[in-house]
Amino acid sequence: MPQTDLEIVVDDPTAPEDDSPSVVSSGTIQIFVCLLLLALAATLGYDNWRTGASWDLTGPEPGYFPFYLSVILGGASLYGLIVALVAHRGAPDTFVTRAQARRVMAVFVPTLLFCLATQFLGVYVASFLLIASFMRLVGKIALWKSLLTAVVFTAIMFVTFDVAFDVIMPKGPLEAAFGH
């Protein structure tokens, strides 16, 4: 009789270590996010109040609904801040460890560089560099496979967006050299 409740466990050799030190606690992040949302609510509330947050003869002014949405956001942020401050007094639980933060940064930093490179090199060259570098440095994939995949993907992206659908994409000096 076959057993259907078998669990297959596969260890990830690149998984973060269990004993990695904490970078920040969950309570600190909750407080920070609540303060950030409260500041956003105050900014949106002021701007919508300035454009008009009441009724006139024709109905609601342009800032009426957004103003009250910002009031709701502000109230929810205050509630979350109070709850986070009360809960923060207990034992801190880890939000992210150093090893986990390193893995997140391994994706975030190249993606941020991709966004910056797109402004100067265009989306196709930046995409080629992002894909090739991710595959090579993060995925540890052979150089020729990384370059081939990046070329094929970038070519498909160019044909799809630039040729087939004629979508305006950020262009760089390489596209200008080819007359696009």
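Colleague: Is A155 buried, partly exposed or exposed, and how does one read this?

Modeller: The model is a predicted one. A residue counts as buried under 20% relative accessible area and as exposed over 50%, with partly exposed in between. A155 has a relative accessible area of 38%, so A155 is partly exposed. This residue is found in helix 5. Between the C-alpha atoms of A155 and N48 there are 45 Å, and the two residues are 107 residues apart along the chain.

Colleague: How many aromatic pairs does the structure hold, and how is such a pair read?

Modeller: A pair of aromatic rings is described by the distance of the centres and the angle of the planes. The structure holds six aromatic pairs. One of them joins W55 and Y64, whose ring centres are 5.5 Å apart with 70° between the planes, an edge-to-face arrangement. W55 is exposed, at a relative accessible area of 55%, whereas Y64 is buried, at 18%.

Colleague: Why is the pair of Y124 and F158 called edge-to-face?

Modeller: Planes over 60 degrees apart count as edge-to-face. The planes of Y124 and F158 stand at 80°, with the ring centres 5.3 Å apart, so this pair is edge-to-face. The pair links distant parts of the chain, since Y124 belongs to helix 4 (residues 123-138) and F158 to helix 5 (residues 143-164), 34 residues apart. Y124 is buried at 4% relative accessibility, while F158 is partly exposed at 22%.

Colleague: Which residues form one aromatic cluster?

Modeller: The cluster consists of W55, Y64, F65, F67 and Y68.

Colleague: Which residues form a nonpolar patch on the surface?

Modeller: The patch is made of V104, M105, F108, V109, L112, L113 and L116, which together have about 630 Å² of accessible area. L112, one of these residues, lies in helix 3 (residues 98-121). With 42% relative accessibility, L112 counts as partly exposed.

Key: Residues are numbered from 1 along each chain as its sequence is written. This is a predicted model: local features need pLDDT of at least 70, side-chain atom pairs count only at pLDDT 80 or more; totals for chains, interfaces and linings use all residues. Side-chain values use heavy atoms; hydrogens and water are left out. Rings of Phe, Tyr and Trp (its six-membered ring) pair if their centres lie within 6.5 Å; planes under 30 degrees apart count as stacked, over 60 as edge-to-face and the rest as tilted. Buried means under 20% relative accessible area, exposed over 50%, partly exposed in between (1.4 Å probe, protein chains only). Helices (H or I, at least four residues) and strands (E, at least two) are DSSP runs, numbered from the N terminus. Patches are made of residues with over 30% relative accessible area and no salt bridge: like charges are joined within 9 Å, nonpolar side chains (Val, Leu, Ile, Met, Phe, Trp, Tyr) within 5 Å. Accessible areas come from the Shrake-Rupley method with a 1.4 Å probe; for residues, only the protein chains shown count as cover. A salt bridge is a side-chain nitrogen of Lys or Arg within 4 Å of a carboxyl oxygen of Asp or Glu.
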